Amino acid sequence: MVEEMTSRERFINALERKDVDRVPYGYLWFGAGHAVLERMGASLKDVYYSAEGIARAQILAREMYHHDNVMSPWGCLLVEAEALGTKVNIKENGYPTVAEYALKSAGEHENINPDNIKRSERVKTVAGSIEILKKEIGDEVFITGATLAPLMLASQVLGGSRLCIDMLKDSEAFHALLEKLTESCILFVDSMLEAGADGIFVENGESTGDLFSPQMAEEFMLPYTKKLYDHIRAKGGYVISHNCAALAFHDLEMKLEPHALNFAFGDVRLLGKKYGVECMKLHNHKNIGCSPRHCFKELKAFSDAGICLMGNIIPDAPLAGGRAEIEHEVKCCLEAAPEKGFILSTGCEVPLNTPLEKMEMLWEAIKARL
């Protein structure tokens with residue numbers, strides 16, 4: 001395998017649907033992170049509030065796993081919520097969890113001050129880690145910042161149950177909350193782009209039929225997330241929309257016009273109706289994917305529209321599967337992928353406790369087919 005591009009050039013060319021010397025290999029959050037921390041002699045708690053720790057962990061993860069991008073913040077989806085008043089439990093070797101939500105109802109939206117994003121030490125830590133990454137490997141590697149879509153952030157300041165209640169019973173207050181959260185997301189994005197991030201990975205997994213009707217997603221997700229994506233583009237950043245939900249609203253993802261869609265499933269209902277494929281049944285760690293990779297079939301519209309596809313190795317495959325299953329995942333993804341505008345990655349984060357030897361099997365399987 002002869003490489004003629006840097007990882008950064010390769011990643012950007014894929015996002016822009018240009019020629020690449022090989023398919024880029026994308027890394028999500030802090031996959032298989034425990035092996036990295038073990039080599040560092042540190043715990044998640046040690047590095048959670050450390051810009052240096054986050055940067056070192058990402059640089060080491062890349063050395064160990066060979067991917068073409070790094071990401072900060074990683075794993076924790078509570079950075080923005082913590083800045084806005086949600087209290088978190090910090091764990092020794094697991095991602096933080098919510099201890100207390102910032103709001104009891106959307107009617108308290110006045111208590112959300114987006115400027116707290118600027119004052120947050122945790123936000124400054126994330127920006128500091130990106131500055132370190134930019135200084136040390138920025139010419140070589142694509143640096144990815146990460147944030148939540150406004151609707152996802154609402155669940156972290158309000159809680160999922162209350163979110164659904166207020167969405168239905170107090171929509172005016174809920175819209176007011178989403179406006180403030182959108183402003184908060186934009187301020188967080190600005191801090192990462194100004195620190196040197198090449199693009200932003202946006203968690204948009206609440207745009208799904210598992211939780212809402214298409215009409216609700218169009219009203220409460222689409223306008224706010226579109227404003228965020230448009231802002232990132234206007235600031236010169238690339239947008240990777242992450243939606244690993246089984247019933248993701250792909251038509252709305254297209255309306256958002258990201259540079260790339262990171263996905264785990266295709267259009268599950270349409271695949272079943274049109275092809276007789278039980279995508280959800282096939283995509284689990286017992287079956288380890290579908291050989292024809294039907295999930296790509298109904299995402300062809302993304303490629304036709306100029307949107308890069310990023311996926312969709314089953315995240316549990318390196319943990320639950322052996323060499324044959326891992327090779328099967330890589331083979332099926334690469335054979336089904338579009339010729340241009342594709343980044344090979346998992347559909348969501350590889351579990352933290354995935355052993356190093358399994359990640360090495362994954363890289364060997366990728367190298368064998370590049």
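# Questions on a predicted model

Analyst: In this predicted model, helix α2 (residues 33-40) packs against helix α4 (residues 51-65) at an angle of about 110°, and their axes are 9 Å apart.

User: Why are α2 and α4 called roughly perpendicular to each other?

Analyst: Angles of 65 to 115 degrees count as roughly perpendicular. The angle between α2 and α4 is about 110°, so the two helices are roughly perpendicular to each other.

User: Which residues make the contact of α2 with α4?

Analyst: From α2 come Ala35, Val36, Arg39 and Met40, and from α4 come Gly53, Arg56, Ala57, Leu60, Ala61, Met64 and Tyr65. By class, eight residues of this contact are nonpolar, one is polar and two are charged. Gly counts as polar and Arg as charged.

User: How do you know how α8 stands to α10?

Analyst: Helix α8 (residues 150-158) and helix α10 (residues 171-195) pack at an angle of about 105°, with 9 Å between their axes. That makes α8 roughly perpendicular to α10, because the range for this term is 65 to 115 degrees.

User: What makes up the contact of α8 with α10, by class?

Analyst: The contact has eleven nonpolar residues, one polar and no charged ones. On the α8 side are Pro150, Leu151, Leu153, Ala154, Val157 and Leu158; these meet Phe174, Leu177, Leu178, Leu181, Thr182 and Cys185 in α10.

User: Where are there cis peptide bonds, and what is omega in the one from Ser72 to Pro73?

Analyst: The peptide bond from Ser72 to Pro73 is cis, with omega near -5°. Pro73 sits in the loop between β1 (69-72) and α5 (79-83). Another cis peptide bond joins Gly311 and Asn312, where omega is about -25°. Asn312 belongs to strand β8 (residues 308-313).

User: What lines the largest pocket?

Analyst: The lining consists of Pro214, Leu247, Ala248, Phe249, His250, Asp251, Asp267, Val268, Arg269 and Leu270. The elements giving two or more residues to this lining are α13 (250-256) and α14 (268-275). The largest share, three residues, comes from α14. The volume of the largest pocket is about 230 Å³.

User: How do you know whether the radius of gyration of the protein agrees with that of a compact globule?

Analyst: With 370 residues, a compact globule would have a radius of gyration near 21 Å; the protein has 19 Å, which agrees. Along the principal axes, the C-alpha atoms fill a box of roughly 55 × 50 × 35 Å.

User: How many helices and strands does the protein have?

Analyst: There are 19 helices and nine strands in the protein.

How values were computed. Residues are numbered from 1 along each chain as its sequence is written. This is a predicted model: local features need pLDDT of at least 70, side-chain atom pairs count only at pLDDT 80 or more; totals for chains, interfaces and linings use all residues. Side-chain values use heavy atoms; hydrogens and water are left out. Axes are lines fitted to C-alpha atoms, for helices over the stretch in contact, and angles run from 0 to 180 degrees between N-to-C directions. Helices (H or I, at least four residues) and strands (E, at least two) are DSSP runs, numbered from the N terminus. Angles under 35 degrees count as roughly parallel, over 145 as roughly antiparallel, 65 to 115 as roughly perpendicular and the rest as oblique. Contact means heavy atoms within 4.5 Å. On a 1 Å grid over the protein atoms alone, a cavity is a set of points where a 1.4 Å probe fits but cannot get out, and a pocket is an open set with protein on both sides within 12 Å along at least five of seven lines; lining residues have an atom within 4 Å of a point. Grid points are joined across faces, edges and corners, and a volume is the space filled by probe spheres set on the points. The radius of gyration is taken over C-alpha atoms; the globule rule is 2.2 Å times the number of residues to the power 0.38.
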